[in-house]
Amino acid sequence: MSQTLFEKVWNRHLVQDETADAPALLYIDLHLIHEVTSPQAFTELQQRRLTVRCPERTVATMDHSTPTWSADLQGQRRYASEQAWEQVQTLMENCDRHGIVLHDWDSPNRGVVHVMAPELGLTQPGMTIVCGDSHTSTHGAFGALAFGIGTSEVGHVLASQCLLQRKPKTLCIRVEGELGPGVTAKDLVLHIIGKVGVDAGTGHVIEFAGSAIRSLDMEGRMTVCNMAIEAGARAGLIAPDQTTIDWLRGRRHCPQGEQFERAAEDWLSLASDPGAVYDREILIDATTVAPTMTYGTHPGMVVAVDQPVPMPADGTAARALEYMQVKPGETLQGRPVDVVFIGSCTNARLGDLRAAADIIRGRQVAPGVRMLVVPGSEQVRRAAEAEGLDRGFINAGAEWREPGCSMCIAMNGDRVAPGQTAVSTSNRNFEGRQGPGSRTFLASPATAAACAVRGCIADPRFLDGEPEVCIHFPSPRHMEARP
Amino acid sequence: MKPLQKLKSRTLVLDQDNIDTDQIIPARFLTTTQREGLAKAAFADWRFDADGRLRADCSLNAPGASDCQILVAGDNFGCGSSREHAVWALEQFGFKAVISARLADIFRANALKNGLLAIELGRPVVAWLRQHPGVELDICLEDCRVTLPDGASHGFNLDPFARTCLMEGVDALGYLLAKTDLIARHEVSQAGAS
Ligand code: SF4
């Protein structure tokens with residue numbers, strides 16, 4: 001019988017199928033952990049006198065609470081708080097105690113968990129991968145079933161290498177046609193979320209398919225799957241193909257030589273069979289996608305950068321516009337920008353930094369704009385520095401930092417001040433996400449860089465045309481209380 | 001986890017869709033290594049102003065709000081980050097149940113694993129509840145029904161496994177560990193396969 005990619009991966013990992021009374025028992029191939037969502041799980045393990053079942057299937061990194069400043073001459077790092085430092089220490093101790101590999105400050109591979117694992121070839125097609133982090137969906141770009149879990153489940157996987165799961169439904173989002181010049185994977189995924197809505201994927205695994213998806217490189221595919229969670233789906237999936245195989249060949253944790261070729265053959269067989277049936281299907285036309293940004297307080301409130309912001313559909317949307325100080329009926333172009341953040345597991349890989357650097361080259365960050373560039377991993381950092389991208393950014397007036405989540409989640413001291421406008425390549429524009437009172441506009445690296453050099457929201461395709469006039473808003477009122 | 005079989009309480013309404021876990025607990029509170037001490041962090045940016053004073057116009061701060069054990073919210077409640085801290089903060093604030101027409105997947109899973117009853121009711125009932133904050137509801141897990149003050153009652157779906165865990169006050173880890181033999185067998189068969 002024809003099977004979808006999801007069903008093939010699901011079935012291979014069933015330790016016990018679900019019944020009316022009990023969920024399925026799903027085996028987990030790779031468990032990624034970081035400092036924020038693991039400490040309470042380790043405490044639970046200790047209290048119950050349990051051990052980690054498969055330390056060799058568990059890999060740790062530190063990324064959320066870690067400072068992005070380099071260490072000082074004494075090797076000291078500037079943590080945001082004593083507690084942040086303690087949290088990182090706790091991870092080190094837990095990994096030590098349980099024999100788990102940790103990519104710490106000394107590792108040449110440390111990075112944001114969803115950037116680091118694929119780079120090392122830890123992420124492979126057909127695997128089940130979990131992490132106490134909702135953007136685990138990123139790894140679905142390789143045809144792995146990868147999803148975020150809570151801390152209780154982190155404990156379950158540590159103790160049993162399994163999870164109790166109900167089988168989700170499947171949703172196929174087919175994107176046909178070619179993306180226009182200057183339009184990137186980020187624009188595409190923002191466009192998709194705007195079309196289908198932020199809860200379209202609830203209860204589903206999304207498979208992204210179609211010619212536009214197939215022509216994306218692996219970095220672009222990761223950007224798309226990364227944001228599947230923003231459409232409500234725990235997992236996004238893309239069928240492995242030659243692009244996947246070529247990207248993985250020679251990666252450190254992948255099989256090598258003859259074994260790799262055998263694995264590759266198996267990986268290619270994972271693609272959904274012709275005639276496989278999904279619970280739902282949605283078709284998207286890639287040719288209609290323009291550089292796209294968010295204008296509201298969730299990732300489904302999006303608009304093409306050259307189009308007017310739509311009228312709010314309800315009270316919640318109206319409140320969002322008020323919070324963002326955005327006027328319906330006007331385009332976002334010309335709105336002054338305070339901060340530009342290039343970073344996060346959505347867009348901080350080498351290709352993303354190159355795209356931003358291309359825009360910056362020969363230009364300067366506009367006066368009054370703070371631009372922060374944070375590579376996704378040590379590997380990305382080294383590669384970017386080898387190409388001189390760091391110097392390009394620094395010479396243009398941007399800050400070049402060490403890898404980490406940084407301003408994506410604003411836990412480590414890097415944050416946007418109350419009332420400020422940030423254009424960010426990350427994945428969430430929730431109220432206060434980048435710091436209390438911050439206003440976040442999500443965009444691609446090219447768009448974000450264009451905004452940095454213009455000093456206001458700008459279309460990266462027309463950077464050399466007439467400069468937009470920056471309209472100055474009155475200074476933002478203090479945020480109003482919520483219900 | 002305390003067993004939960006019945007719950008009778010007034011509702012507190014947050015009449016908004018897409019309330020994400022960054023609202024429920026802002027990220028700056030996540031540097032903790034404990035589960036406890038998060039009551040103050042619940043909806044911190046809604047409840048407190050920039051100087052740390054309680055906002056009088058926030059319904060979570062209203063007199064009597066702390067007695068409401070049932071939270072009613074708009075669609076897609078708990079979307080965003082997988083942080084279980086959101087559930088811990090809601091429980092420590094005093095909530096025992098969350099009702100929405102649509103709950104985000106990870107939030108719901110996290111809630112049920114911690115004894116916080118997270119349930120979906122039909123859109124018309126939730127719409128009515130959103131318009132009538134403070135009504136007293138009777139929730140019964142035995143027959144999976146919510147009863148309104150006028151006696152009308154509405155059924156809800158709850159995974160039988162999660163329901164048993166909630167009613168008995170046990171978590172799933174014990175169940176998983178009892179499957180060790182099956183898990184080991186799966187590992188052996190997979191090692192043979194590749
Ligand atoms: S970069 Fe942002 S979204 Fe990605 S793991 Fe870090 S905090 Fe989460």
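Colleague: Hi! Which residues of helix 4 of chain B are buried?

Modeller: They are B:Asp105, B:Ile106, B:Phe107, B:Ala109, B:Asn110, B:Ala111 and B:Leu112. Buried means under 20% relative accessible area, with over 50% called exposed and anything in between partly exposed, using a 1.4 Å probe and protein chains only. Helices here are DSSP runs of H or I with at least four residues, strands are runs of E with at least two, and both are numbered from the N terminus.

Colleague: Where should I be careful?

Modeller: This is a predicted model, where local features need pLDDT of at least 70 and side-chain atom pairs count only at pLDDT 80 or more, while totals for chains, interfaces and linings use all residues. Residues are numbered from 1 along each chain as its sequence is written, chains are lettered from A and ligands numbered from 1 in the order written, and side-chain values use heavy atoms, leaving out hydrogens and water.

Colleague: OK, so how enclosed is helix 4 of chain B?

Modeller: Largely enclosed by the rest of the structure, because seven of its nine residues, 105-113, are buried. Just after that helix, B:Gly115 has a positive phi of about 80 degrees.

Colleague: And chain B overall, how many helices and strands?

Modeller: Chain B has eight helices and seven strands. Of its 194 residues, 56% are buried. Its C-alpha trace spans about 65 × 45 × 25 Å along the principal axes.

Colleague: Switching to chain A: at what angle do helix 2 and helix 5 of chain A pack?

Modeller: Helix 2 (residues 39-47) and helix 5 (residues 151-160) of chain A pack at about 50 degrees, with their axes 8 Å apart. Axes are lines fitted to C-alpha atoms, for helices over the stretch in contact, and angles run from 0 to 180 degrees between N-to-C directions. Under 35 degrees counts as roughly parallel, over 145 as roughly antiparallel, 65 to 115 as roughly perpendicular, and the rest as oblique.

Colleague: Which residues make the contact?

Modeller: Helix 2 of chain A supplies A:Gln40, A:Ala41, A:Phe42 and A:Leu45, and helix 5 of chain A supplies A:Thr151, A:Val154, A:Gly155, A:Leu158 and A:Ala159. Contact means heavy atoms within 4.5 Å.

Colleague: How about helix 12 and helix 15 of chain A, what is their crossing angle?

Modeller: The axes of helix 12 (residues 350-360) and helix 15 (residues 445-454) of chain A come within 8 Å and cross at roughly 30 degrees. That makes helix 12 of chain A roughly parallel to helix 15 of chain A.
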